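Please look at the sequence and the structure before reading on.

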Amino acid sequence: MSNKSIELKIENSVAWIYLNRPEVFNSFNREMALLFQSTLDNCANDEKVRAIVITGNGKAFCAGQDLKEVTDTELNPGFRKILDEHYNPIIQKIRTIEKPIVAAVNGVAAGAGANIALACDIVVSSEHGSFIQAFSKIGLIPDSAGTFFLPRIIGFQKASALMMLGDKIVAEEALQMGLIYKIFPTSFFNEDVMTLAITLAKMPTIALGLTKSLLNQSMTNNLEQQMALESDLQIEASSSNDYKEGVTAFVEKRIPEFKGN
C-alpha cells in the first residue's frame, strides 16, 4: 500500500509504517494523521502482522505538526480538532494495539513526532536521531501525551527542563537518560531494526500484548491493584497455546514456534 503521506510494507510478519512527507520532515497534516490512524487499525486487525515498526522516509522521523496547515486560514482545522481527532487517537491506538510497536527514529523527532515515538513500546534510534520538545519555541504546551509519558520515562525534573527549554537531545544523550532502548549504526539501521522486529514477531505475542496492558495500567494502579491484575492476566497467559508451546519446547530442548494464540 502506498499513499502521498503514508506507506505500508509487510514482510516477515512485520508491518513497516513509513511517515512519508520527507519534503516537510514528515510533519503531520490532517490527511496524514487520519491515514496513519487507519493504517494502525489495519495492522491491528491483520492476523499476518505480529509486530509493527513506525519510521520516517528521508532525513527525519517526524517534525510534529505541519505549521503551514495551522497558519493557513482555509486549511487550519483548529487545535481542538487537531488534538481530539489527530494526535490523541494516534496515541490511544499505539497504546491499545495488542502487538509490539517499535519506533525507529531515523532522524529528528520533534514536538508531537517525539511524543508519538515515546508512546511506542520500544524506541530505537539511529546515530543521527534526535528528540526535541519543540512546543515552547512557538508558545505552545506539550501535547500528544508528552506530559504523561516523558516524566515517567526520565523523571519530573529532567522532563520539566526539556519541555520548558526545548533542548535538542541527540541519540547518545537520549540513551544515557533512558529515553530510548538502543542506538543502531546509521549504515545498518534498517537491518538492525528488522532483526529486532522479527525477534518480537516470533515471540509469544499474546503474552506481549498482556504485558503491554499491564504496563499501561501500572501508570495509575496502586500496588494491590497491579498485583491483582498480574494474577488475572497470568491466568489468561497460561491458558494460551503459546504458553503450552513454550513449556513443551523448553522440556524438549528446542526452539519454540509461537503462533500468537
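## Helix α1 against helix α3

Helix α1 crosses α3 in a left-handed sense; a crossing is left-handed if the near helix is turned anticlockwise from the far one by less than a right angle, and right-handed if clockwise. The model is predicted: local features need pLDDT of at least 70, side-chain atom pairs count only at pLDDT 80 or more, and totals for chains, interfaces and linings use all residues. Residues are numbered from 1 along each chain as its sequence is written, and side-chain values use heavy atoms, with hydrogens and water left out. Helices (H or I, at least four residues) and strands (E, at least two) are DSSP runs, numbered from the N terminus.

Two packed helices are described by the angle between their axes and the distance between the axes. Axes are lines fitted to C-alpha atoms, for helices over the stretch in contact, and angles run from 0 to 180 degrees between N-to-C directions. The axes of α1 (residues 30-45) and α3 (residues 79-96) cross at roughly 25° and come within 10 Å. The angle makes α1 roughly parallel to α3. Angles under 35 degrees count as roughly parallel, over 145 as roughly antiparallel, 65 to 115 as roughly perpendicular and the rest as oblique.

From α1, the residues Arg30, Ala33, Leu34, Phe36, Gln37, Leu40 and Asp41 meet Lys81, Glu85, His86, Pro89, Ile90, Lys93 and Ile94 of α3, where contact means heavy atoms within 4.5 Å. By class, this contact of α1 with α3 has seven nonpolar, two polar and five charged residues. Here Ala, Val, Leu, Ile, Met, Phe, Trp, Tyr, Cys and Pro count as nonpolar, Asp, Glu, Lys and Arg as charged, and the others, Gly among them, as polar.

The expected span of a helix is 1.5 Å times one less than its number of residues.

Which residues of α1 are buried? They are Met32, Ala33, Leu35, Phe36, Gln37, Thr39, Leu40 and Cys43. Buried means under 20% relative accessible area, exposed over 50%, and partly exposed in between (1.4 Å probe, protein chains only). The buried residues of α1 pack against the strands β1 (6-11), β2 (14-19) and β3 (51-56), and against the helices α3 and α4 (112-118).

## Helix α9 and its neighbours

Helix α9 (residues 205-218) packs with helix α10 (residues 223-238) at an angle of about 170°, and their axes are 10 Å apart. That angle makes α9 roughly antiparallel to α10. On the α9 side the contact is made by Leu210, Ser213, Leu214, Gln217 and Ser218, and on the α10 side by Gln226, Leu229, Glu230, Leu233, Glu236 and Ala237. The contact of α9 with α10 divides into five nonpolar, four polar and two charged residues.

The 14 residues of α9 should span 20 Å at 1.5 Å a residue, and its end C-alpha atoms are 20 Å apart, which agrees. Thr205, Gly209, Leu210, Lys212 and Leu214 are the buried residues of α9. They pack against α3, β5 (101-105), α8 (189-201), α10 and α11 (241-252).

## Helices α5 and α6

Helix α5 (residues 146-154) and helix α6 (residues 156-165) have axes 7 Å apart and pack at an angle of about 130°. This makes α5 oblique to α6. The crossing of α5 past α6 is right-handed. In the contact, α5 supplies Gly146, Thr147, Leu150, Pro151 and Ile154, while α6 supplies Phe156, Lys158, Ala159, Leu162 and Met163. Seven of the residues in the contact of α5 with α6 are nonpolar, two are polar and one is charged.

## Two residues with positive phi

Most residues other than glycine have a negative phi. Asparagine 12 is not a glycine, yet has a positive phi of about 55°. Asparagine 12 sits in the loop between β1 and β2 and is partly exposed, with a relative accessible area of 49%.

Phenylalanine 25, also not a glycine, has a positive phi of about 55°. Phenylalanine 25 is in the loop between β2 and α1; with a relative accessible area of 45%, phenylalanine 25 is partly exposed.

Asparagine 76 lies in the loop between α2 (67-71) and α3, and is partly exposed at a relative accessible area of 31%. Not counting residues up to four places away in sequence, asparagine 76 touches Glu69, Val70 and Ile82. The C-alpha atoms of asparagine 76 and asparagine 29 are separated by 9.3 Å, and the two residues are 47 residues apart along the chain.

Asparagine 241 is part of helix α11 and is partly exposed, with a relative accessible area of 43%. Its C-alpha atom and that of asparagine 261, 20 residues apart along the chain, are separated by 5.6 Å.
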